[in-house]
Structures are given as C-alpha cells and as structure tokens.
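Visitor: I have a model open and would like to go through it. Can you take my questions as they come?

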Amino acid sequence: MMSSLRPVSVSTAKFYSVRLVPGDEVLKGLQSILSDHGLKAAFIAGCVGSLTDVAIRFAGNPNLQKYSGKFEVVSLIGTLDDSAPHLHLCVSDENGSVIGGHLLEGCTVRTTLEVVLGELEDVTFARKHCELSGYPELIILPRSQDHPEDGAQ
C-alpha cells in the first residue's frame with residue numbers, strides 16, 4: 001500500500017487583487033492576469049461577486065451544465081497555472097438554491113467579481129497525467145526546476 005504522505009513544498013506568497021466587471025468572462029479574465037503578471041503558481045485566496053451565466057461540470061459527469069439568471073458567488077476556490085486552471089465554483093440563485101462544480105469557460109460577471117489571487121513565489125504549478133486518478137493532476141516544482149517531465153512533486 002502507498003503511503004499517504006507526500007512531499008510538501010513551502011513557499012512565500014504575494015497577493016494580487018482585481019475586480020472583474022460586468023460582462024467579463026471569468027476564466028479569460030483570470031488567465032489574462034496570470035499572463036500579464038507571469039504568475040506560475042496561483043491560487044484563489046478570496047472571491048465575492050455575482051454572475052449572469054454559469055458554466056460548470058459536476059463531479060464524475062463529463063457534460064457541461066449551463067445556467068442563466070442572477071447568481072451570487074458563494075465560493076470560488078482552486079489553483080491556476082499557465083496550462084490548466086483547476087477551479088471549483090459554488091453559486092446560489094435568487095431563491096437560495098445552491099449548485100457547484102468545476103468552473104468552465106462561459107461564466108459571465110453580473111455586477112462585480114472581486115478576486116484576491118495568491119502567488120507562491122518559490123514553486124511552479126504544472127499538470128501531469130496521474131495513473132491513480134486518470135486525470136492530469138497538480139505537480140509542484142521548485143521555481144528553478146519548472147519542467148514537469150522530471151516527475152518531481
């Protein structure tokens with residue numbers, strides 16, 4: 001049996017705050033910030049706002065689910081790198097019903113989306129196929145060694 005302990009990476013962090021405005025597409029806006037600032041190991045530290053369009057994928061379900069209306073962002077959490085973000089979104093509708101899943105392209109800001117992004121300064125995030133999960137999963141590399149084919153974690 002495999003040990004459940006994995007190497008842990010320690011890093012200092014820097015924080016960026018941004019407001020996405022009505023009509024902005026969330027993923028494109030976040031990816032633009034990563035690109036503009038050269039962020040290599042970003043994470044959502046905090047987020048509040050609202051959406052008109054929601055595009056998510058539920059756990060274990062390959063199908064895109066789309067919703068339109070007035071939604072409050074209850075939670076947005078995850079990691080971002082230049083290859084593939086891994087973000088989970090939870091929203092509530094006008095009646096307080098809550099849905100959540102993997103955030104996909106197609107989420108549109110309604111009034112505001114105030115985001116605080118953290119950036120781990122000493123590591124780089126990348127994705128590599130994991131034999132255990134069957135998905136491209138996070139690997140964490142020292143900033144001086146940012147080549148995922150090395151297999152470091």
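Guide: What follows goes from the overall fold to the core, the side-chain pairs and the pocket.

Visitor: What kind of model is it, and how are residues numbered?
Guide: This is a predicted model, with residues numbered from 1 along each chain as its sequence is written, and local features need pLDDT of at least 70, side-chain atom pairs count only at pLDDT 80 or more, while totals for chains, interfaces and linings use all residues. Side-chain values use heavy atoms, with hydrogens and water left out.

Visitor: How many helices and strands?
Guide: The protein chain has 1 helix and 8 strands, where helices (H or I, at least four residues) and strands (E, at least two) are DSSP runs numbered from the N terminus. Along the sequence the pattern reads β-α-β-β-β-β-β-β-β.

Visitor: What share of the residues is buried?
Guide: Buried residues are 34% of the 153 in the protein chain. Buried means under 20% relative accessible area, exposed over 50%, and partly exposed in between (1.4 Å probe, protein chains only).

Visitor: And what share of the contacts comes from residues 24 or more positions apart?
Guide: Of the contacts with a separation of 6 or more, 60% are between residues 24 or more positions apart. Contact here means heavy atoms within 4.5 Å.

Visitor: Which residues touch the most other members of the largest nonpolar core?
Guide: Ile44, Leu51, Leu89 and Leu117 do, in a core of 28 residues. A nonpolar core is a set of buried Ala, Val, Leu, Ile, Met, Phe, Trp, Tyr and Cys residues joined through side-chain atoms within 4.5 Å.

Visitor: Which elements supply it?
Guide: At least two residues each come from β1, α1, β2, β3 (64–80), β4 (86–92) and β6. The largest share, 7 residues, is from β2.

Visitor: What does Ile44 touch?
Guide: Leaving out residues up to four places away in sequence, Ile44 touches Leu30, Leu76, Ile77, Gly78, Leu80, Leu87, Val115, Val116 and Leu117.

Visitor: Switching to rings. How many aromatic pairs?
Guide: There is 1 aromatic pair in the structure. The ring centres of Phe15 and Phe43 are 6.1 Å apart and the planes are at 85°, so the pair is edge-to-face. Rings of Phe, Tyr and Trp (its six-membered ring) pair if their centres lie within 6.5 Å; planes under 30 degrees apart count as stacked, over 60 as edge-to-face and the rest as tilted.

Visitor: How many salt bridges?
Guide: The whole structure has 4, a salt bridge being a side-chain nitrogen of Lys or Arg within 4 Å of a carboxyl oxygen of Asp or Glu. One of them joins Glu121 and Lys14 at 3.8 Å, N to O. Glu121 lies in the loop between β6 (108–120) and β7 (123–129) and Lys14 in strand β1, so this pair ties together parts 107 residues apart in sequence.

Visitor: What about Lys28?
Guide: Lys28 pairs with Glu105, with the closest N and O atoms 3.7 Å apart. Lys28 lies in helix α1 (residues 26–37) and Glu105 in the loop between β5 (98–103) and β6, so the bridge ties together parts 77 residues apart in sequence. Lys28 counts as exposed, at 52% relative accessibility.

Visitor: What else does Glu105 touch?
Guide: Besides Lys28, Glu105 touches Glu25, Leu27 and Ala55, not counting residues up to four places away in sequence.

Visitor: Is Glu119 buried or exposed, and what is its salt-bridge partner?
Guide: Glu119 is buried, at 5% relative accessible area. Glu119 forms a salt bridge with Arg143, the closest N and O atoms being 3.2 Å apart, and Arg143 is partly exposed at 25%.

Visitor: Last topic: which residues lie nearest the centre of the largest pocket?
Guide: Arg57, Pro85, His86, His102 and Pro136 do, among 15 lining residues. β4, β5 and β8 are the elements that give two or more residues to the lining.

Notes
1 Å grid on protein atoms, 1.4 Å probe; cavity = no way out; pocket = protein on both sides within 12 Å on 5 of 7 lines; lining within 4 Å.
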